[in-house]
Amino acid sequence: MTNAKKTAYCAMLTALSMIFSYIEALIPLFVGIPGVKLGLSNLVVVSGLYFLPAGWVFLVLVLKVTLVSFLFGNLSMLVYSMAGGVLSFLAMLMLKRIKGFSVVGVSMAGGVSHNIGQLAVAVLAVGSVAPLSYLPVLIAAGAVSGTAIGAAAYRVRGLLGRMENGG
Amino acid sequence: MVLGLGMKKRDTYLLVFFLITAAAMALFMNVFGKDAGECVVVTVDGEEFGVYRLSQDSVIEVENAFGSNRIVIKNGSAYMEAADCPDKYCMTYQPVTKANESIICLPHRLVIQVEGKNYMETDGIAR
């Protein structure tokens with residue numbers, strides 16, 4: 001893949017993940033539990049890991065988090081999203097390199113670690129361990145939403161493969 | 001493959017591992033440390049703001065640079081009655097009554113934590 005093509009993909013994925021974030025902000029899926037959501041834009045990051053070099057996917061993530069936070073949120077959203085995003089990126093990259101896990105397992109690890117990253121920021125922000133009582137809910141929710149996103153990414157990969165082959 | 005979702009064996013194990021871990025943690029938290037609540041400790045940005053008896057009905061106003069919150073203690077339970085934070089999640093919490101239960105207002109860095117008898121004794125407050 002040429003650098004120009006990578007740049008184009010990177011820009012496209014960033015745009016797509018911003019749209020996903022926007023759609024998700026419009027339609028909150030799990031109402032009632034703060035911090036629990038599907039993480040639709042993670043579909044872009046997970047999929048990206050399978051056809052772009054990790055560095056480029058990281059760039060997509062950082063751009064997405066920064067742009068979305070300033071467009072639809074605020075500085076504190078940036079801190080929470082960045083902590084969750086970076087931790088989830090590292091976890092997914094690690095699991096992807098371990099044999100035996102498909103994109104679903106990778107996405108699952110991403111979902112759980114994303115929530116753990118955000119919870120860590122919450123603990124630091126309030127200066128109390130009280131938010132840790134959310135840990136069980138956030139682990140379960142991250143695993144379930146990660147599985148859903150991973151299953152979608154599995155389908156997307158099939159389509160992308162065909163696209164790459166000119167189909 | 002499981003359910004045609006592209007899941008491999010290890011993916012399924014990972015999912016089960018996460019769900020069991022979450023369930024075990026939830027169970028642990030429910031079985032241990034849910035003693036009767038004696039008082040509520042209000043902290044803002046990690047600093048103790050005040051300690052209030054659950055047995056005594058009161059209204060606590062917290063106002064600072066982060067914003068304002070009104071906590072109500074009534075009939076042995078505490079809840080957030082009003083807050084000017086953007087999301088107002090803190091106001092949707094069920095009232096807290098037992099030790100280790102808490103209400104968190106993230107934007108205002110405010111935590112209402114219920115503590116049991118031990119906290120009163122170690123802190124030396126007796127009102």
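The radius of gyration used here is taken over C-alpha atoms, and the globule rule is 2.2 Å times the number of residues to the power 0.38. What you're looking at is a predicted model, where local features need pLDDT of at least 70, side-chain atom pairs count only at pLDDT 80 or more, and totals for chains, interfaces and linings use all residues. Residues are numbered from 1 along each chain as its sequence is written, while chains are lettered from A and ligands numbered from 1 in the order in which they are written.

**View 1. Chain A overall, an α-α-α-α-α-α run from the N terminus on.**
Chain A has 6 helices and 0 strands; helices are DSSP runs of H or I with at least four residues, strands are runs of E with at least two, and both are numbered from the N terminus. Its C-alpha trace spans about 55 × 35 × 25 Å along the principal axes. For 167 residues, a compact globule would have a radius of gyration near 15 Å, so the 16 Å of chain A agrees.

**View 2. Val36(A), in the loop between helix H1 (3–26) and helix H2 (42–48) of chain A.**
Val36(A) counts as buried because 20 other C-beta atoms lie within 10 Å. The cut-offs: buried is 20 or more other C-beta atoms within 10 Å of a residue's own, exposed is 12 or fewer, and partly exposed is in between, with C-beta atoms placed from the backbone. Across chain A, 46% of the 167 residues are buried. From Val36(A) to Met12(A) it's 24 residues in sequence and 26 Å in space, C-alpha to C-alpha.

**View 3. The side of chain B that touches chain A.**
Here 26 residues of chain B are in contact with 26 residues of chain A, contact being C-beta atoms, placed from the backbone, within 7 Å. Helix H1 (9–31), strand S6 (102–105) and strand S7 (110–115) of chain B each give two or more residues to this side. H1(B) gives the most, with 11 residues.

**View 4. An open sheet in chain B, ordered S3-S4-S5.**
The 3 strands pair in antiparallel fashion, and pairing takes at least two DSSP bridges between two strands. Strand S3 (58–64) and strand S5 (77–83) of chain B are the edges, each pairing on one side only. S3(B) and strand S4 (residues 67–74) of chain B are joined over 7 bridges.

Technical notes: Contact = placed C-beta atoms within 7 Å.
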